[in-house]
Every structure is written in C-alpha cells, then in structure tokens.
Amino acid sequence: MDTVGATCQILRPDDRAECEEESRVGNGTLRVGVIGTGGMGGRHARNLAHRVAGAELVAVMDLDEERAAALAGECGGAKVFGSGPELVHDRDVEAVLIASPDPTHADLAVACIEAGKPVLCEKPLGVDIADAQRVLDAEVAGGRKLVQVGLMRAFDPQHTAIKEAIDAGEIGRPVLFRGIHAHWRVPEVRTAVNVIVNSAVHDIHSARWLMGDDVASVYTSHVVDVPEQPESTRLVLLQLTFRGGGLASIEVNLDSSYGYEVVVDVAGERGTLRTPSLTGPVLRKGGGATRSIEPDWLARFETAYRIEAEAWVRAARAGGATGPTVWDGYCAMRVAEAAELSLETGRAEAVLDEPRPALYAPA
C-alpha cells in the first residue's frame, strides 16, 4: 500500500472513502467501466486491464451477468453491473466504454455526456440518423467533446500510413477511393440495411477521412443471399461521389469463403496508395507458397484496438476526446441513410449537406 493509502486507513470510514477517492484521482489513473462483454467489449476490457497504461478497469456490465462476472474475474475483479445507466452513474466510474448492441448506443452515449463522463462509443452511434442526431445535439449542447467514436481504422497502422502519405502530398489530390471489406461466411442472415449501418459505416468513414471530403451522393446495389428473403444480402456495393469531385466504391462481402480482409486503395493525381492485402508472413513449403488470413476483425485490427484505447485514455485523463468525433459518426450515418434510401428507389440519392457545428471545427 502507498503512503497515501496507508494514511487513509487510519481515518473514520466516511472520511476514509473520501480520502481514497482523492488518492485514486491524484494518481492519474482513469477508472473505466465497460458496457457489453461480448467479443468486442471483452477485447476492450482486456486491453484496458492488461495492455493500456493509465487505465483501471473498475466496472463491467452485461445482461449476461455470468459472462460479465467471468470477464471481471479475468480482469482483476471489476464490479459487475446489470444495468448500463447504473454503471454510468456510479461514482467510482470516471469514463465509460460502450460496446453493447447497436440499439443501446445512443441512449448510453447521451447519458455519459449528461453525466460529464468521457466515453468511447463503438460504432454506429445508433440504428438510424435520429439516434445519431440525439448524440450530436447532446454533445453540442454540453459545449465540449466527450465522445470518441469507435471507428478504429483511424488508429490502424496500415490506414494511418496512407493518411500520412496523402497529407504529405505524395499522390497529389485524391480522386478515387476503393474499399474492400471481406468477411468469412457470416453465420446469420443479414439485411442490406444492417450491413450498411453496422459494417459499411467503417468504410464510409475511411473514405471521408482519407479523401478529405464529404460525400455528395450514394448509389447502392446488393446481391441477395436467400432468394426467399429479398432483403437479405451477401454483398453490398456502394458508389459514392464527393463534393469536391472525387469518387469512391465500397464493397462489403459477407461470404468471401477465405477469411477476413480489409483493403484500401486511394488513387491521386500523381500516384496511388494501397494497403497491403494481407498481414501474415509468406510460407514457402512443399512446392507452394501460402499466407494466412485473419478469421475476423478482432484479429485483423488487434493492434488498432489497443492504440485506439490508448489514445482515448490519454485524452479522457485530460478531460476531453480525440480521434473520430460524434460529427464523424453522424456524417457516416447520414451517408448510410442515403444508401438505405437508394436501396428502395434504385437510383443515386443525395446526401444532405449540413454545416459542421463549431465544436467540431478543425484545430
């Protein structure tokens, strides 16, 4: 026990609690609660508990309390909650990471903003543009950025290398973004709308971020997965135009039959940048050459998730947020909204051009 902690032990119980609270605040460690303990929340919780400096995992919440308790035990004995709002308002929780199902994101993010607690909210901001608008309005009304949106490709070394090269002028003005987002066979049947909102928002954000421009229109087409369910999909294709004249294509394939892969290709006026298609080493053996492919996004973006959490913790300890903002998440959802409409109309649909709130003005 440190000197301050030992001193707290000799005080009366009520005074001891206040003393210990001040001690923990003073050491600069961010006390984090994680909502959602499935694959994504579990990854974040383990990173915060074991791999991210300056963070302490103090609380977890999941409707599956047995799963939450198992994770809490694995991560040092964090307190287990059965309610998201209860965790948000607990005095021992200084910051919140939201990794629960998509329909819960907006309500929980707004609760964190109103409580004045920094939050890392997994994408998307909600299930529709109304959800995203509520989060945007709450943060703007609060007057300071508290939310980092989990669009983690902004922290992936492959993607940041491309962004740095573009910003350095290596390829001149970007004119075309091509994104391939391939999954291994997804076990459940998904609708095209779900794929756009839950998966393609990553690619939409990447396109806006790397092209340095806003989307003007989107045309959506898809390949039906189950013939008896015309809304089901195995592949979605988005074709975008940008306000500055650039173009983009985004392919989300739910049945690549080989593994999980994300490829980004940006063509500029003086050259082209492309992420390496695979990250594993090449094995040459027995008259052939092979290369392993990650099975899912948790493996492919393992490093990005850690770097993302590190950046969030640093910013939260300083009382703010960094990385993709609520405005970025809102703009991605606005494009998704137009993409959904395009599915219905069969034609390209315009993306509403809205002024950026002053809170999100470039530094």
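**Rings, cores and enclosed space**

Reply: To begin with a charge and a ring, Arg-300 lies over the face of Phe-301, at 4.3 Å from the ring centre. The model is a predicted one.

Me: What makes the position of Arg-300 count as lying over the face of Phe-301?

Reply: The distance from the ring centre is 4.3 Å, and the limit is 6 Å, with a further condition of within 35 degrees of the ring normal. Arg-300 is therefore assigned to the face of Phe-301.

Me: Which aromatic cluster includes Phe-301?

Reply: Phe-301 forms one aromatic cluster with Tyr-260 and Trp-297. The structure holds three aromatic pairs. In one of them, Tyr-260 and Trp-297 have ring centres 6.1 Å apart and planes at 65°. This pair links distant parts of the chain, with Tyr-260 in the loop between S12 and S13 and Trp-297 in helix H10 (residues 297–300), 37 residues apart.

Me: Why is the pair of Trp-327 and Tyr-330 called stacked?

Reply: The planes of Trp-327 and Tyr-330 are 20° apart, with 5.6 Å centre to centre. Planes under 30 degrees apart count as stacked, so the term applies to this pair. Both residues lie in helix H12 (residues 326–345), three residues apart, about one turn of the helix, and both are buried.

Me: What makes the peptide bond between Lys-123 and Pro-124 worth a remark?

Reply: The bond joining Lys-123 and Pro-124 is cis, with omega about -15°. Most peptide bonds are trans. Pro-124 is placed in the loop between strand S5 (119–122) and helix H7 (129–142).

Me: What is noted about phi of Ser-257, and why is this residue called exposed?

Reply: Phi of Ser-257 is near 70°, a positive value in a residue other than glycine. Most residues other than glycine have a negative phi. Ser-257 is found in the loop between strand S12 (247–253) and strand S13 (261–268). Its relative accessible area is 54%, and the limit for exposed is over 50%, so the term holds for Ser-257.

Me: Why is Arg-153 called buried, and what is it in contact with?

Reply: At 2% relative accessibility, Arg-153 falls under the 20% limit and therefore counts as buried. This residue lies in the loop between strand S6 (147–150) and helix H8 (157–167). Leaving aside neighbours within four places in sequence, the contacts of Arg-153 include His-159, His-181, His-202, Asp-203, Tyr-260 and Phe-301.

Me: Why is Asn-47 called buried?

Reply: Asn-47 has a relative accessible area of 2%, under the 20% limit, so it is buried. Asn-47 lies in helix H3 (residues 39–50). Not counting residues up to four places away in sequence, it touches Val-52, Tyr-305 and Arg-306.

Me: Which residues touch the most other members of the largest nonpolar core?

Reply: They are Phe-177, Leu-238, Leu-240 and Val-266, in a core of 73 residues. Helix H9 (residues 192–211) gives the most to this core, with eleven residues. A second, separate core has 22 residues, among them Val-60, Leu-120, Trp-312 and Ala-316.

Me: What makes a space a cavity, and how many does the structure have of 30 Å³ or more?

Reply: A cavity is a space where a 1.4 Å probe fits but cannot get out. A search of the whole structure finds two cavities of 30 Å³ or more.

Note on methods: Residues numbered from 1 in each chain as written. Predicted model: local features only at pLDDT ≥ 70, side-chain atom pairs only at ≥ 80, totals over all residues. Heavy atoms only, no water. Helix = DSSP H or I, 4+ residues; strand = E, 2+ residues; numbered from the N terminus. Buried < 20%, exposed > 50% of the residue type's maximum accessible area, 1.4 Å probe, protein only. Core = buried A, V, L, I, M, F, W, Y, C linked by side-chain atoms within 4.5 Å. Phe/Tyr/Trp six-rings, centres within 6.5 Å; stacked < 30°, edge-to-face > 60°. 1 Å grid on protein atoms, 1.4 Å probe; cavity = no way out; pocket = protein on both sides within 12 Å on 5 of 7 lines; lining within 4 Å. Points joined across faces, edges and corners; volume = space filled by probe spheres on them. Contact = heavy atoms within 4.5 Å.
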